[in-house]
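Welcome, and please open your viewer. We will go from stop to stop, and at each one you will hear what to select and what is there.

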Amino acid sequence: MFTLVRSRARTAVLALSAVAALAFGTTAATGAAAAPAPAPAKQGPTSVAYVEVNNNSMLNVGKYTLANGGGNAFDVAVIFAANINYDTGKKKAYLHFNENVQRVLDNAATQIRPLQRQGIKVVLSVLGNHQGAGFANFPSQQAASAFAKQLSDTVTKYGLDGIDFDDEYAEYGKNGTGQPNAGSFVHLVTALRANMPDKIISLYNIGPAASRLSYGGVDISSKFDYAWNPYYGTWQVPRIALPKSKLSPAAVEIGRTSQSTAADLARRTVSEGYGVYLTYNLDGTDRSADVSAFTRELYGSDAVYTP
C-alpha cells in the first residue's frame, strides 16, 4: 500500500544559510531564455522532473534521452523550490530564494540555458516556508497582484519558462497572518497570467489554494497549463477543469517508487488518455533503469543516461 504522505525533504524550505530576497524594481534580464534547438520529436505525454536543488543539479534533467530517436526523456524541469515568506514588519508576503536556488538563478547561463537549448522548459516552483504567508491568504487583490509581479519579474529576469504553485508548509495564521480566503489565489493567478500570457503556470494540486479556484464569477482553472497529483506512488486525477492533456494523475518519486509501479502508472496514463507524467527528486546518480520503467510505457523506448 502506498502512503499518501509525500517525502519531500524539508531542507528546501528550512535552509539556514543567509539568503537575499530579490529586489524588484527595474529588472534587467541576466540572460533571456535561449531559443531552444528543436528536440528530436517524440510522441507521448509531457514528462516533468522536479529537482531538489539543495542537493542536486538541474543539469541532471538533460542527461536522459530516449534510445529510440534521441528525444529528451523529460520535457519540463522544475527548480524546487523558492519560497513565499512573510515580512512581519511590513506585514506582507515576499518571494525568497535560499542560497541554492539563488545560485541556480545567478548561474542561469550554465544551469538553465543548457536545458532550454536542449528543448526542456525550466519552471520555478514556489512553496510555503512556515511563516504564515501562502497563496490562499492575501488580504487584498492589490497584495496578490504585487506578489504576482514579483513572480513574473523573476521569470523575466532569469529567463525562466514559468511558475509552479505548491501550497504546502505555509502555516496559515502564524505571525498574525490570515486564514485562507476565497479570493486570494484567484486574484494571484489572474494577475500572474495577465503578466505572462505565454509562460507556464502549473499547479501542484495540494493545499487550501488548490481548492479555491473560483471567486466572484472568475474560475482560474483554464489559466493553468498543467496540474498534477501530489502523492507519489499513486494515481489521483486532479480535481480541476482542465482537459486530460494537461493533467497528471500519476506521480512517482524516482528511486523510491518501485519500477513496477512507475510502469503501471505510465501504462495507465497512456491507456486513459492523460497528457502529463510527473516525477520527483531526480538526483545525480544513473537512474536510467527507473526512468526507463516509465519511458518504455510512455514513449516505447528505454532511457539512456549520459553523464
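Throughout this tour, helices (H or I, at least four residues) and strands (E, at least two) are DSSP runs, numbered from the N terminus. Please keep in mind that this is a predicted model, in which local features need pLDDT of at least 70 and side-chain atom pairs count only at pLDDT 80 or more, while totals for chains, interfaces and linings use all residues. Residues are numbered from 1 along each chain as its sequence is written, and side-chain values use heavy atoms, with hydrogens and water left out.

**The whole protein**

Start with everything shown as a cartoon. The protein has nine helices and 15 strands. Of its 307 residues, 54% count as buried; buried means under 20% relative accessible area, exposed over 50%, and partly exposed in between (1.4 Å probe, protein chains only). Among contacts with a separation of 6 or more, 78% come from residues 24 or more positions apart, where contact means heavy atoms within 4.5 Å.

Most residues other than glycine have a negative phi, and most peptide bonds are trans. Now select F80 and A81: a cis peptide bond joins them, with omega at about -5°. A81 lies in strand β3, residues 76-87.

Next, select E171 in the loop between β6 (162-166) and α6. E171 is not a glycine, yet it has a positive phi of about 55°. With a relative accessible area of 37%, E171 is partly exposed. The loop between β6 and α6 also holds N175, another non-glycine residue with a positive phi, here about 60°. N175 counts as partly exposed, at 41% relative accessibility.

**Second stop: α5 and α6**

Two packed helices are described by the angle between their axes and the distance between the axes. Select α5 (residues 141-158) and α6 (residues 184-195): their axes come within 8 Å and cross at roughly 40°. Axes here are lines fitted to C-alpha atoms, for helices over the stretch in contact, and angles run from 0 to 180 degrees between N-to-C directions. The two helices are therefore oblique to each other; angles under 35 degrees count as roughly parallel, over 145 as roughly antiparallel, 65 to 115 as roughly perpendicular and the rest as oblique.

To see where they meet, show Q141, A144, S145, F147, A148, K149, L151 and S152 in α5 together with S184, H187, L188, A191, L192 and N195 in α6. By class, this contact has seven nonpolar, six polar and one charged residues. Ala, Val, Leu, Ile, Met, Phe, Trp, Tyr, Cys and Pro count as nonpolar, Asp, Glu, Lys and Arg as charged, and the others, Gly among them, as polar.

Stay on α6 and select R193. Is R193 buried or exposed? R193 is buried, with a relative accessible area of 14%. Its side chain joins that of D225 in a polar contact of 2.7 Å, a polar contact being a pair of N or O atoms within 3.5 Å; within protein, one must be able to donate a hydrogen and the other to accept it, and residues adjacent in sequence count only if both atoms are side-chain atoms. The R193 side chain also reaches the backbone oxygen of P197, at 3.4 Å.

Move to the loop between β10 (226-228) and β11 (234-235), and select N229. N229 is buried, with a relative accessible area of 0%. Which side chain does the side chain of N229 meet in a polar contact? The partner is T234, at 3.0 Å. Beyond four places in sequence, the residues in contact with N229 include W235, P249 and L278.

Select α8 (residues 259-271) and α9 (residues 288-299), whose axes come within 8 Å and cross at roughly 20°. These helices are therefore roughly parallel to each other, and their crossing is right-handed. Among the contact residues are A262, A266 and V270 of α8 and A293, F294 and L298 of α9.

Finish with A303 in strand β15, residues 303-305. A303 is buried, with a relative accessible area of 7%. Outside four places in sequence, A303 touches T65, S288, V291, S292 and T295.

Note on methods:
Left-handed = near helix turned anticlockwise from the far one by under 90°.
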